[in-house]
Amino acid sequence: MDIPYIVIDQLTPDQQQVWKTYFGDADRPRYIEEGIWRRTQEKATAEQSGWTAADDARRRIIHYRYRYSLVPTTAAPAIGLTDLYLYHSATAPADEIDAHHDALWDSLATGGWKEAPGGFLWTRRDLKCRITEHDAHPQDAAAGRTLPVGYRSLDVQIASVSYAPPPAVRQLPWNVLSTGIRCKDRPGTPTRVPDLSVLADLLPFQVEIGCGTSVEAGIPPLHRLHEIYRVTDRQGHEPREHRFTLSPTADTLLHEVLTEPEEKTAEFVEMFRACFLAEPTPAMWALKELKDAGHLVGPVIANNFDVLAARAGLNECFMRRYDQAVPDVEWVDGAKALLVVGLHADRRKVQARARARGMQVVYLDPEGFWRNGQFMPYPLEGPQDGDLVCRATAAEALPALVNLLRQHAG
């Protein structure tokens with residue numbers, strides 16, 4: 001595979017300006033795409049991990065970090081993937097690790113990788129692959145974690161040949177692992193409301209957005225990343241039914257990368273490409289109008305990496321941070337409510353902090369999604385007693401709120 005890997009070719013002048021304004025000279029490195037999953041087999045995850053007893057302690061860690069840059073071409077510049085880094089760590093009983101090892105060697109041979117001297121590094125054009133086995137993983141030893149007798153680990157690092165991940169990057173997924181698993185909220189009994197007219201009596205308010213607004217812009221939902229990186233087995237229709245991929249023998253991700261890296265990289269860059277090509281939606285412009293009118297205060301608290309809020313002229317407080325367990329929120333004194341739009345798994349407890357400040361929490365979410373012409377229920381996890389829930393889309397409810405507040409002002 002050649003690096004740079006072209007993601008979007010022949011940018012228009014408008015697209016070049018979008019890159020310069022929101023990616024190249026941005027307030028945070030939006031040209032970096034990063035994701036981490038750590039899936040562990042333990043009692044607390046038994047439903048999705050298959051845990052039954054103490055000897056079930058399989059673990060799978062995936063960390064990807066990609067850098068995108070403008071790439072000159074004979075005509076207009078392109079956006080290219082210039083640094084690729086994928087780390088995969090599997091921990092399982094020794095027989096499963098042995099089978100995993102053999103499958104990797106078969107995949108390397110099928111993919112045409114060449115072995116470098118030393119027996120643990122392979123190359124294929126502009127990619128390199130390093131494989132390391134551990135009877136006891138040094139990260140477990142450093143953290144004082146013990147695993148059942150007979151467990152082993154196998155680490156795979158696939159990167160562009162010119163990229164050497166610094167120690168902080170290599171350490172990041174293990175720091176995330178040490179924070180423990182996310183405990184699901186126990187939903188309370190919120191009050192259903194037909195629209196957002198309740199906010200007329202709760203001005204000004206702040207807003208937190210999730211991937212619901214991104215989906216309305218044509219960006220794939222986040223569970224698409226679970227499909228690409230084989231995080232779950234994708235059986236069943238409801239996302240919370242999906243079981244973790246933990247057994248190395250059932251894990252196809254590395255086989256796909258090693259045998260057909262060009263085809264798999266096309267999937268890896270799919271989300272970034274969709275985010276760059278998306279345009280702010282009517283819901284985003286409605287938030288901008290609410291901001292300009294003084295009804296919405298503070299930055300948009302964003303769990304999204306699509307940049308749509310910024311492109312609509314809104315400041316962002318970006319929450320998807322792996323280097324902070326609890327990222328800061330810029331709260332505004334006098335804000336009476338927090339409107340939570342299209343956000344299911346609040347890993348950082350923003351809503352709990354809003355309640356502690358005495359703010360009314362209002363959710364805007366249809367609590368489901370359409371698939372193949374069928375509406376699939378996807379209930380919210382976080383609403384508590386006293387919260388309000390409006391089961392509408394952002395595209396419907398936010399412009400309607402703008403019109404309502406215009407009428408009140410007129």
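**Strand pairing and helix packing in the predicted model**

Gly368 has Pro377 of β16 as its bridge partner. The model is predicted: local features require pLDDT of at least 70, side-chain atom pairs count only at pLDDT 80 or more, and totals for chains, interfaces and linings use all residues. Residues are numbered from 1 along each chain as its sequence is written, and side-chain values use heavy atoms, with hydrogens and water left out.

Strands β15 (residues 368-371) and β16 (residues 374-377) pair in the antiparallel sense over four bridges. Pairing requires at least two DSSP bridges between two strands. Helices (H or I, at least four residues) and strands (E, at least two) are DSSP runs, numbered from the N terminus. Two residues separate the strands of the β15 and β16 hairpin. Asn372 in this hairpin takes a positive phi near 50 degrees.

An open sheet is formed by seven strands in the order β9-β17-β14-β13-β10-β11-β12. The pairing in this sheet is parallel. Its edge strands, β9 (191-193) and β12 (316-318), each pair on one side only. Neighbouring strands are turned by 25 degrees against each other on average, direction ignored. Axes are lines fitted to C-alpha atoms, for helices over the stretch in contact, and angles run from 0 to 180 degrees between N-to-C directions. Within the sheet, β10 (residues 205-209) and β13 (residues 337-341) pair in the parallel sense over five bridges. Ile209 stands opposite Val341 in β13.

Helix α14 (residues 394-409) lies across β10, β13 and β14 (360-364). The helix runs at about 130 degrees to β14. Contact denotes heavy atoms within 4.5 Å.

Helix α11 (residues 282-292) packs with α14 at an angle of about 30 degrees, with the axes 8 Å apart. That makes α11 roughly parallel to α14 (angles under 35 degrees count as roughly parallel, over 145 as roughly antiparallel, 65 to 115 as roughly perpendicular and the rest as oblique). The crossing of α11 past α14 is left-handed, a term for a near helix turned anticlockwise from the far one by less than a right angle. On α11, the contact includes Pro282, Ala286 and Leu290. On α14, Leu398, Val402 and Leu405 are among the residues that make it.

The whole structure holds 13 aromatic pairs. Rings of Phe, Tyr and Trp (its six-membered ring) pair if their centres lie within 6.5 Å; planes under 30 degrees apart count as stacked, over 60 as edge-to-face and the rest as tilted. The Trp19 and Phe23 rings are stacked, because their centres are 5.3 Å apart and their planes lie at 5 degrees. Both residues, Trp19 and Phe23, lie in helix α1 (residues 13-24), four residues apart, about one turn of the helix.
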